[in-house]
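Hi everyone, thanks for coming along. Let's bring the structure up on the screen, and then I'll talk you through its salt bridges.

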Amino acid sequence: MYTKPCLSHADVATLLSAARAEAERNQWAVSIAVVDDGGHLLGLYRLDGAAPLSAHIAPAKARTAALGRRESIVYEEMINKGRVSFLSAPEIEGMLEGGVPVLIDGQVAGAVGVSGVKSSEDAQIAKAGIAALGLGA
């Protein structure tokens with residue numbers, strides 16, 4: 001039988017809280033989503049002033065990172081380099097930077113997705129949330 005790491009409710013709260021603190025420190029109005037390894041939504045914050053659409057994009061970025069087992073920017077870069085047929089890939093819609101997988105012992109336990117500011121800033125917020133779990137590099 002296989003075993004795998006899973007995000008607990010406390011982990012989700014830690015991720016959301018730390019990501020929110022990073023966004024607020026920079027005065028960025030964003031939505032922050034946390035999903036499990038199957039892309040199922042575990043938690044969502046839409047901060048004051050965040051665009052309504054960001055509450056749809058953040059979970060999509062997180063789901064893409066979880067299902068793809070890599071940061072969502074990988075897909076954005078593939079498409080930007082001309083592999084536009086990847087736009088038809090099933091189940092992944094958030095192919096923009098800002099989705100980051102949560103890795104525990106080399107396994108994906110879930111992902112964080114952020115939307116609302118520049119994509120690199122979205123990723124910065126997601127990574128700040130993940131760093132709060134103290135998982136190391």
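I'll go through a few of the charged pairs one by one. Please keep in mind that this is a predicted model.

So, how many salt bridges does the count come to? The count comes to five, and I've picked some of them for today.

Let's begin with K4 and D37, whose side chains meet in a salt bridge at 2.8 Å, N to O. K4 sits in the segment before helix 1 (9-25), while D37 is in the loop between strand 1 (31-36) and strand 2 (41-46), so this pair ties together parts that are 33 residues apart in sequence.

Next up, please look at helix 1. R25 and E22 form a salt bridge there, with their closest N and O atoms 2.7 Å apart. The two residues are three apart in helix 1, which means about one helical turn separates them. Are these partners buried or exposed? R25 is exposed, at 58% relative accessible area, whereas E22 is buried, at 12%.

My last pair is K127 with E71, a salt bridge between side chains at 3.5 Å, N to O. Which parts does this pair tie together? K127 belongs to helix 4 (residues 119-131) and E71 to the loop between helix 2 (54-68) and helix 3 (73-80), so the linked parts are 56 residues apart in sequence. K127 counts as partly exposed, with 41% relative accessibility, and E71 is partly exposed too, with a relative accessible area of 25%.

That's my tour, and I'm happy to take questions.

Key:
Residues numbered from 1 in each chain as written. Predicted model: local features only at pLDDT ≥ 70, side-chain atom pairs only at ≥ 80, totals over all residues. Heavy atoms only, no water. Salt bridge = Lys/Arg side-chain N within 4 Å of Asp/Glu carboxyl O. Helix = DSSP H or I, 4+ residues; strand = E, 2+ residues; numbered from the N terminus. Buried < 20%, exposed > 50% of the residue type's maximum accessible area, 1.4 Å probe, protein only.
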